[in-house]
Every structure is written in C-alpha cells, then in structure tokens.
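Here are my notes on the model, point by point. Please keep the structure open while you read.

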Amino acid sequence: MYYWKRILRRWLQFRSEASGLVTGFQLLIVNLVYISQLRSSEENRLVVIVDSWREAVLLWLLWACKVLPRYNVWVIRRAGHLDSYVKTDFDGELLMIATSKVFTKHYQLLAELRRQQRLIIL
Amino acid sequence: MKFIKQSNRAQPKVSLILLDWSVRESFHLLDYLSRQDLDRDLFEVVIIEYYSRVSDAIRPFDQQVDSWLLLEMPEDCYYHKHLMYNAGIAVAKGDICVICDSDAMVKEGFINAIIREFDSNPNIVLHIDQFRNARKDLYPFCYPDFAQVTGKGCINNVDGKTRGIMDDKDPIHNRNYGACMCARRADLIAIGGADEHIDYLGHICGPYELTFRLVNLGHREIWHQSEFMYHTWHPGQAGEDNYLGPHDGRHVSTTALDALISGRIMPLVENETIRNLRLIDDVKLDAQTFRISPAYLHDWRKENLRHGQNWIAGNTTRKMWHGFVVNHNIDGYRAYPRFIGHPDFSQYTGRFDVHGATEPELLKNLYNSIPFRFRLVFPVVALLTFISKAFGLSLLYLQRRLARLAQGVQA
C-alpha cells in the first residue's frame, strides 16, 4: 500500500510539474535552452551536474531529439562520485551548472567547488 | 527581559546555549554536564527562556546553570528560536558557542571533544549527531545507560555510528542539524547572528541556518565521527501542531536553503544587539541591552498566524516559474532565466526579460515566450520522470517482497 501511495504522490507531482507549479527538472531544461541560444563559446566546456542517471538519460534523449546540445554530464549520487569526476575531467576552467536539488544534497563539496570554479546553481 | 542568574565564570572556553519556550519537561543534559571530565570553569551554561516561566525542570540542576535569561515575550507571541539563539550569543562569554538539545544525554568527554576539534581545525562549524531511541518505556526520562539508548528501539544506529553520519546521499535530510551545532562566537557575530526573519518562526528553523551562512563565508562543516548525543522519546518531539514556515516538504527551511544556494552570508533580518556587537567592539551587555524589535510583538502574534483552528501555512518568498526568476517592483513584474543572475552572464541582462503589469499577465507572457516545441517537451519529460520513478519503486517493492519470501523459505 505504501508504494502505491508513493506512486500516487509522484503522479500528483507530475501533474503539478506539467502545470508549472513545481520547479523540477524543467528548471534545468529551460535554462539550458536559453544558454544554448546564446551559442556561447563556452558551450564545449559546460558541465551539467545532476543527481540521478534518470536525469542524465533524459538530457541524452533531449540531445538525441535535437532539443539541446550535447553537454558533459556529471552524475553525483553520492559524495564520493564528485571526486572521481574532478580527478578526470578537470582540464582547464569549466563552467558548471547544477540544480539546487543536487547542490543542497552535496553542498559541502559543491560549495568548495563553487569557490574554485565557476558554478551556476539553478 | 530579566536575568534570573548571570554567569560569573571568568573566561570559559565554551558556552552552551539551551533554549526553552515554556515547553521543556526535562533538562537532564545539565546532569550529564556536571559529570564532564574537565575543569568546570572551562564551560558555562546559558539558559534562554522565551516567555516568563521559571522552569521547575531546571531547579534540580540549577547549580549547573550559569546564566538564565527570561526574554519575557508576551504569551500571545509565537516562539522564534533564532531570537533565542541571538540572546544566547549575546550573553555568552565563551569563545565557542554550542547550541544543543537540553533533553539529551552526553558522555563525559563531550565538551572536551568540542574543544579539541576547534583547537585542531581553524575556521570550522562543528555538528554532533544524535542517536534517537523510540522506546516509550524510557519516558518520563529514567536515566538509561548509553547502551540502552543505542540498543533496542534505536532508530538510527548503524554499526555504532548514526545513520546520518554514514549517509552520503542526502545528509541535509538524514542528519540531525538541530542536535548540536558549535561555532566560534566571533564567527557567529561576523555573519550577523541568527536570522530573525518571520520565515523562521515556529518549528521550521534551526542552527543549520547559521551553518549554511558560515559555509558561505568559507568555513568547513565538520561532523564529529566519534562523539554523539543520545535522545530518548518524549511526546511532541516532532513538532506536532506547530506553526510551520516555508519548507521543502521535509521540514528544512527553503529560506535557509536559498541562503545556501545564493551564497548569502548576512541574515535577512539582523538583530540590533548582534549588529552592535559586530560593529562596535566594547558593547557591555545587561538585561536591558539585548534588543528585541517592537515590531515582533505584532508580527509574531498567534492570532495573526491562525485561520480558525489551523495555522496559516508560511509562504515562501522565492518566486520561480519554469526556471524563471519572477521579480516584483513598482513598474510591475519582470521575469528572467535564472542563469542570467550569474556574473558570467551579466552581459546578457535584459535579453530574455519578460514583463507584465500583473502576475497572471506575466505568467501568460512567459508561457508564450517559450517556443512551442519546448512547451511540448515539459509534459513529456514530466511523464517520463513519473514512469521511471514508478517503475523504480515497483522494482524496489518486488525486490523486498522476494527478499522476505526468501527469508520465509529459509526459516
């Protein structure tokens, strides 16, 4: 019963997200759409930080449908995941975009990153 | 406002700030503080009572209390913990302020562990998590031993550490930020003390608001890995029938989260006494010096927060719509994509602006400003998210059912 309640809650969340009441993943999409319109020279160095593979797959799908350009995506589900990205992907200065959800989940690490790199929190 | 007692400790290192708003039934922490393994002059205990009650629960331990201040707020005024934090910070004489639960148990090395952590790490804000036991037979508090609290009925013991400490997925919701927060008094004053904004009125508040702004200042947040507090069940511990300010659905203040996200260091509403302490060096404090804004006596009145029998829900000050920030000024409403607020994109300020005379008009203009194919994308993304989450939950359910079945077969 508990799981059905959770599924029902997700459905209600979907309805409110669709009507713009909740700023969920679409907050990220809208801002990426406008950033892509700027055709900034920084596009290739732009990293999108999300907290689930689901969101990473959706970004990939949006790229496949030619809605968004292809971005570097860091999936940070646990605190340790950030270290592995930082070790491998830090070639030069990056411009990073993170949702407020992922930022508040891992703020201790990302606040430190914000001091070192350009990090936009949506 | 009046002092029942004023500390005469010459130079304590640590000031423990304990709060009450005429609700606490037990202050047994004071008993555990009397058994600390260090010189008693190294720490002081400050009690801040929001109303005028001289609590009988403190009487058995009043030798342990160094300062006891009644704020004497009117009974029809709702409680605001941040005002009490500020009173505690103002009264404290110690270098390190500790804001913690007054109905928890601590081991003998508790204060020593705090001092050692600050001695070895400059520029930190220290938190100590709490084991929580849900056994109702330990209420009223009956001085169980520590093994009893971490044993049967403990809801967050994972191999001798709290579940929150072990968690690296969502610490903000899984750790107890209100259990114990320690920071240097000078740092707390430098960030303007606790925020007295009305969003923090009632249950949705806590020392994490200070922690977030100290992190924004550049301090490192540390969670003690071996020292803990121990809490037993009592009625009303989850803040039932309390006024709730704006929160994220899991009782973390969205106003505090906004401060963290935006990198804000100063409070939205600063206490006058804290501001004086911040700007003027030689402020001497007596009962009359700690200032409480007279406006609070009106703004925080219970009758202004109630609608019939129910509390009015606190509204968030954050206005966001589909990734746009919505601002209101004398010319009307203006919205812009959130990334434009970042300094790297400041040259594009105004390029994507959408205006409207009223909020509904602005939202209509915003909706029309988003290209049609992107408008189609939103429900598709929301539907895919829903399906994947529902699928994930169903898998989890099946996994657990199968695990239970397997256990049944083995048994």
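1. Start with a pair in chain B. B:Phe345 and B:Tyr348 are both buried. This is a predicted model, so read every value here as computed from it.

2. The search over all chains gives 25 aromatic pairs. One of them is A:Trp60 with A:Trp63: the ring centres lie 6.0 Å apart and the planes meet at 55 degrees, so the pair is tilted. Where do A:Trp60 and A:Trp63 lie? Both belong to helix α3 of chain A, residues 53–64. They are three residues apart, about one turn of the helix.

3. Are these two tryptophans buried or partly exposed? A:Trp60 is partly exposed, at 44% relative accessible area. A:Trp63 is also partly exposed, with 32%. Now go back to B:Phe345 and B:Tyr348: their ring centres are 6.2 Å apart and their planes stand at 40 degrees, so this pair is tilted too. Here, though, both partners are buried.

4. Chain B also holds an aromatic cluster. Its members are B:Tyr32, B:Phe131, B:Phe141, B:Tyr143, B:Phe146, B:Phe228 and B:Tyr230. Two of these rings carry a charged group over the face. B:Arg35 lies over B:Tyr32, 4.8 Å from the ring centre. The charged end of B:Lys107 sits over B:Phe146, at 5.5 Å from the centre of that ring.

5. Look next at helix α2 of chain A, residues 25–37. Its 13 residues reach 19 Å from first C-alpha to last, close to the expected 18 Å. How many of the 13 residues are buried? Twelve are, so α2(A) is largely enclosed by the rest of the structure. Among the buried residues are A:Phe25, A:Leu28, A:Val30 and A:Tyr34.

6. Turn to the interface. There, 55 residues of chain B are in contact with 47 residues of chain A. Together the two chains bury about 4,700 Å², with 67% of that area on carbon and sulfur atoms. Which three residues of chain B supply more of its buried area than any other three? They are B:Lys169, B:Phe386 and B:Leu393, with 13% of what chain B buries against chain A.

7. Last, the layout of chain B. Domain 1 covers 2–279 and domain 2 covers 313–411. The centres of these two domains, taken over C-alpha atoms, are 34 Å apart.

Note on methods. Residues numbered from 1 in each chain as written. Chains lettered and ligands numbered in written order. Predicted model: local features only at pLDDT ≥ 70, side-chain atom pairs only at ≥ 80, totals over all residues. Heavy atoms only, no water. Domains from an automatic or database assignment. Phe/Tyr/Trp six-rings, centres within 6.5 Å; stacked < 30°, edge-to-face > 60°. Helix = DSSP H or I, 4+ residues; strand = E, 2+ residues; numbered from the N terminus. Buried < 20%, exposed > 50% of the residue type's maximum accessible area, 1.4 Å probe, protein only. Lys NZ or Arg CZ within 6 Å of the ring centre and 35° of its normal. Expected span 1.5 Å × (residues − 1). Contact = heavy atoms within 4.5 Å. Buried area = accessible area lost by both parts, 1.4 Å probe.
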